[in-house]
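Me: I've got a model open and I'd like to learn how to read its features. Could you walk me through it?

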Amino acid sequence: MKKLLLSIATLLVCAMSFVACKTDTPKAAAEKFLNGLYHMDYETAKSVSTEQTKGMLDLMAQFSTMMPDSAKTEAKKIKVTIKDEKIEGDKATVTYTSSEDGNKMERKLELVKGGEDAKENKGKWLVAWNKDDGMGGDAGQEKPADTPAEEPTDTTVAPPADNIADTATAK
């Protein structure tokens, strides 16, 4: 029985070390970040983040302390599925869906190679997430999964409110 347990433990260690060799890809970094983000494990998400992204995650961690434990438990059930990975030099874009929205919306996550601290992060893929991005991805790039992109809609921008007041008083 001891030999069987030792064999299983050795097999698990070998399998984990094999998987660990493949972690420096945009897909692996994105998966680690997104699981950390959605599961409210912000330290894990920060381990594959740029300095700016780490700042955003620190803010989110502060807000998450006010959430009830039931919300945190539900968050751990969210599953992330990586759909596509595009690498262009030192930049990459990963497309993914999450079970949070029923895998209906594709989102994009931008990554960069290297980051601000070249010594510590040289050659490492890091998530570049900023305040304009949605939950884990570029909110402006969301589209229903398996749906062709729509033509852009032409919109007209209204003048600033202070200009309207100036125009009204001038008459």
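**Reading the contacts**

Reply: Let's start with Lys54, which counts as buried at 19% relative accessibility. Here buried means under 20% relative accessible area, exposed means over 50%, and partly exposed is in between (1.4 Å probe, protein chains only). Keep in mind that this is a predicted model, where local features need pLDDT of at least 70 and side-chain atom pairs count only at pLDDT 80 or more, while totals for chains, interfaces and linings use all residues. Residues are numbered from 1 along each chain as its sequence is written, and side-chain values use heavy atoms, with hydrogens and water left out.

Me: Which residue forms a salt bridge with Lys54?

Reply: The general idea is that side chains of opposite charge can pair when their charged atoms come close. The rule used is a side-chain nitrogen of Lys or Arg within 4 Å of a carboxyl oxygen of Asp or Glu. For Lys54 the partner is Glu51, with the closest N and O atoms 3.4 Å apart. Glu51 is partly exposed, at 43% relative accessibility.

Me: How far apart are Lys54 and Glu51 in helix 4?

Reply: They are three residues apart in helix 4 (residues 51–64), so about one helical turn separates them. Helices here are DSSP runs (H or I, at least four residues), as are strands (E, at least two), and both are numbered from the N terminus.

Me: How many salt bridges does the rule give?

Reply: The count comes to five. Among them is the pair Lys46 and Glu43, whose side chains meet at 3.4 Å, N to O. Both sit in helix 3 (residues 42–46), again three residues apart, about one turn of the helix. Lys46 is buried at 17% relative accessibility, whereas Glu43 is exposed at 56%. Asp58 comes in too: Glu43, Lys46 and Asp58 are linked in a network of salt bridges. Another bridge joins the side chains of Lys77 and Glu74 at 3.0 Å, N to O, and Glu74 is partly exposed, with a relative accessible area of 48%.

Me: What about aromatic rings: how many pairs does a search of the whole structure find?

Reply: Rings of Phe, Tyr and Trp (its six-membered ring) pair if their centres lie within 6.5 Å; planes under 30 degrees apart count as stacked, over 60 as edge-to-face and the rest as tilted. The search finds one pair. Phe33 and Trp129 form it edge-to-face, 5.9 Å centre to centre and with 65° between the planes. Phe33 lies in helix 2 (residues 26–38) and Trp129 in the loop between strand 4 (125–127) and strand 5 (143–144), so the pair ties together parts that are 96 residues apart in sequence. Both Phe33 and Trp129 are buried.

Me: What else is buried in helix 2?

Reply: Besides Phe33, the buried residues of helix 2 include Ala29, Ala30, Leu34 and Tyr38. For length, the expected span is 1.5 Å times one less than the number of residues. The 13 residues of helix 2 should therefore span 18 Å, which agrees with end C-alpha atoms that are 18 Å apart.
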